[in-house]
Protein chains: 2
Amino acid sequence: MKLRVIKSALVDAVSHVSKAVSQKTTIPILTGIKAMADEQGLILTASNSDITIQVRVPKRKDDIDQVFVERMGNVVLPGKIFGDIVRKLPGDEVEWVVNERYQTTIRSEQAEFQLNGLDPDEYPRLPRLSTEQMFSISADTLKSLIRQTGFAVATTEARGVLTGVHLQLEAGTLTCVATDSHRLSRQQAAVEGSAELTLNNVIIPGKSLSELAKTLADETGYVDIIVAENQILVKNDGLEFYSRLLEGTYPDINRVIPKEGQTEMVTSTRELLQSVDRASLISRDGRDNVIKWTIRDEKVEVNSASQDIGSVTEEVIAKVNGPEMSISFNARYMMEALRSIESEEIRIQFTGTMTPFVIQPLDREDSLHLIVPIRTR
Amino acid sequence: MKLRVIKSALVDAVSHVSKAVSQKTTIPILTGIKAMADEQGLILTASNSDITIQVRVPKRKDDIDQVFVERMGNVVLPGKIFGDIVRKLPGDEVEWVVNERYQTTIRSEQAEFQLNGLDPDEYPRLPRLSTEQMFSISADTLKSLIRQTGFAVATTEARGVLTGVHLQLEAGTLTCVATDSHRLSRQQAAVEGSAELTLNNVIIPGKSLSELAKTLADETGYVDIIVAENQILVKNDGLEFYSRLLEGTYPDINRVIPKEGQTEMVTSTRELLQSVDRASLISRDGRDNVIKWTIRDEKVEVNSASQDIGSVTEEVIAKVNGPEMSISFNARYMMEALRSIESEEIRIQFTGTMTPFVIQPLDREDSLHLIVPIRTR
């Protein structure tokens, strides 16, 4: 393998795949980044037990020659140090030569590194996924779906399917749901040209999705999503992102979402968030981070008290419909839901002091957050 | 105690003293911030076992009324949460009322906090230092002295006086020295109007100085430095920063600094730093982070090798005087010294492969760094 590559393109590609490099693993080769040079340019791959990221540096991009392959070939290099070296190289162009024993020379201006490469045949192969179950979606929509549900997954491994986000595609609508059984977030989006395809019980680990959102941070075009039996692949021209799927059956969440509220309030998302944020300064001292709302007379009164520290009280103006209502809940769940909502105003529907309540942006139907109250004395 | 205060001024003052709030301590009251309201305004104090910071919020500043004291008094409030509350309060003005049982109400617009305050008489009193040993120095000069020596202190408590920076004032020159016995940094500055005062063996903990530099970050005027038997106080109109001093006798460092070199080189600070930074990507894998320089023929060759990873070599152009020289050293010590130097060019003087070598900015005499080489096979 022998090639020259524009440094900035190599730095970009390495920083993308670095997210998937295994830190600690019993399989040493997975701490490496696999490089392949072929007729189309350079391909980098990194993998851990959850995700695999593959990035292509094409020969030409935006009318600029980026990669000059003199001799095709493959090598696996230690991932962490290879990334650091590439970032710190002087000059604009990197020369990269690998001999038959995978001894690798990386040269740029006056600096020359020799790295002990590993045999690329030892590197696990990527799965070939059947493209039967495939649809396309804009990267922005996908990132928005992740941002508005991902925070609600359960974080302890033992919770099984609840550590993932559930994907369902039906009649052209993609529904993402996450819940840790104390709160739930659901976000929907229309998917053009997918009316023929039905997907259900596709459960993607929450961690994989948060890495995917970072990987797609600068992407604005469409990506293809391919769903196989135990893998999902998100790809566009330059990028392939694989994640394993979680096994098991996701619970039916429709029965836990109340159909209509008894008391309803409409208020400013930002003001409500700030009041909960302040109240949680007191409540976070306690075990469940409990704050209390009393909704009545065109306002919601926010309260929190801790025996050791003190208490807080404030009022937020709201449009209220229905009887007075007092409800206690975990302030963190509320803040995470409110932070994910972009609309200026929200509607909250309560069915009772001890039953789940529903938070929705006022101006759209595709987004829903549910929080289970906490019983207090 | 009862007062109103402009929120931004309070936020500033709290963020300054917060650096000194004890995190974990057997003296619970030290996790608090002491507030005192008097005729001049509001004073906040926080303290841990190393440092004490006191900040004054004067009644008027820059022709703007900041504090309106209605009833003088004192209270101690839990430091961490008080800081968080102040930062997150709505509105521009904070109302602050403390009753005789130190129950504290903090109110701003619609938000009202009740905090359980503590008896301020339980809070340790600040020492009254004799102003006999006092001099003034510009905050910028002081920060520069700290930045160019503080990194070289020993970091393990067991090293005693070497965990501090040694201050000496003699004939109007202030000399700061830090060493961990593997490297040494010395920085000098002229102190106007201090010719009468001689100070020696004043050893300030390195950690205290790094907090002092942060505390003075936005200060540009002069500060007074008062040295007492076991305390040092750095102060200006609004700020008092106390640190304990280290007990013991600082070693005489003059005998370890070689007087003249055998081989001397002059080169670009930045290029040399970048080459060492890259070489350390390989060497940091090893125990002592060893890289090797070979100085000859108008250049320095930088080398590093690790059996597992590989090797690196590069050349930096330099003006060289004297015989060829090979020397090995800890790359981190070199990077920290070079990063602290602001001059574009440096002079390095070598006396032998196994004797300390001296790094100095080319254009000034007041700064010196010394590194002890490492014996290699």
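Let me begin with a term: a salt bridge is a side-chain nitrogen of Lys or Arg within 4 Å of a carboxyl oxygen of Asp or Glu. With that in hand, look at A:Lys80, A:Asp84, A:Arg87 and B:Arg284, which are linked in a network of salt bridges. Before going on, please keep in mind that this is a predicted model, in which local features need pLDDT of at least 70 and side-chain atom pairs count only at pLDDT 80 or more, while totals for chains, interfaces and linings use all residues. Residues are numbered from 1 along each chain as its sequence is written, chains are lettered from A and ligands numbered from 1 in the order in which they are written, and side-chain values use heavy atoms, with hydrogens and water left out.

Let us turn to the place where the chains meet. If contact means heavy atoms within 4.5 Å, how many residues does the contact take from chain A and from chain B? It takes 28 residues from chain A and 28 residues from chain B. Together, chain A and chain B bury about 2,500 Å², with 53% of it on carbon and sulfur atoms; buried area here is the accessible area (1.4 Å probe) that two parts lose on being put together, summed over both. On the side of chain A, the residues that lose the most area to chain B are A:Lys88, A:Arg278 and A:Leu281, which together make up 24% of what that side buries.

Between chain A and chain B the count is four salt bridges, and in a salt bridge at 2.8 Å, N to O, the side chain of A:Asp277 meets that of B:Lys88. The elements that give two or more residues to the side of chain A that touches chain B are helix 2 (79-88), strand 11 (111-116), helix 5 (269-283) and strand 23 (310-317) of chain A, where helices (H or I, at least four residues) and strands (E, at least two) are DSSP runs, numbered from the N terminus.

Strand 23 of chain A also pairs with strand 11 (residues 111-116) of chain B, in the antiparallel sense and over five bridges; two strands pair if DSSP finds at least two bridges between them. Within this pairing, A:Thr313 has B:Glu112 as its bridge partner in strand 11 of chain B.

Over all chains, a search of the whole structure finds 52 salt bridges. One of these joins the side chains of A:Glu301 and A:Arg296 at 3.3 Å, N to O. Is A:Glu301 buried or exposed? Buried means under 20% relative accessible area, exposed over 50%, and partly exposed in between (1.4 Å probe, protein chains only), so A:Glu301, at 17%, counts as buried, whereas A:Arg296, at 28%, is partly exposed. In chain B, the side chains of B:Asp65 and B:Arg60 meet in a salt bridge at 2.8 Å, N to O; B:Asp65 is partly exposed at 37%, and B:Arg60 is partly exposed at 46%.

Finally, a word about the backbone. Most residues other than glycine have a negative phi. A:Ser181, however, has a positive phi of about 80° although it is not a glycine, and its place is in the loop between strand 14 (173-179) and strand 15 (183-190) of chain A. B:Asp297 likewise has a positive phi, of about 45°, and lies in the loop between strand 21 (290-296) and strand 22 (299-306) of chain B. At 43% relative accessibility A:Ser181 counts as partly exposed, while B:Asp297, at 61%, counts as exposed.

Definitions and conventions. Contact = heavy atoms within 4.5 Å.
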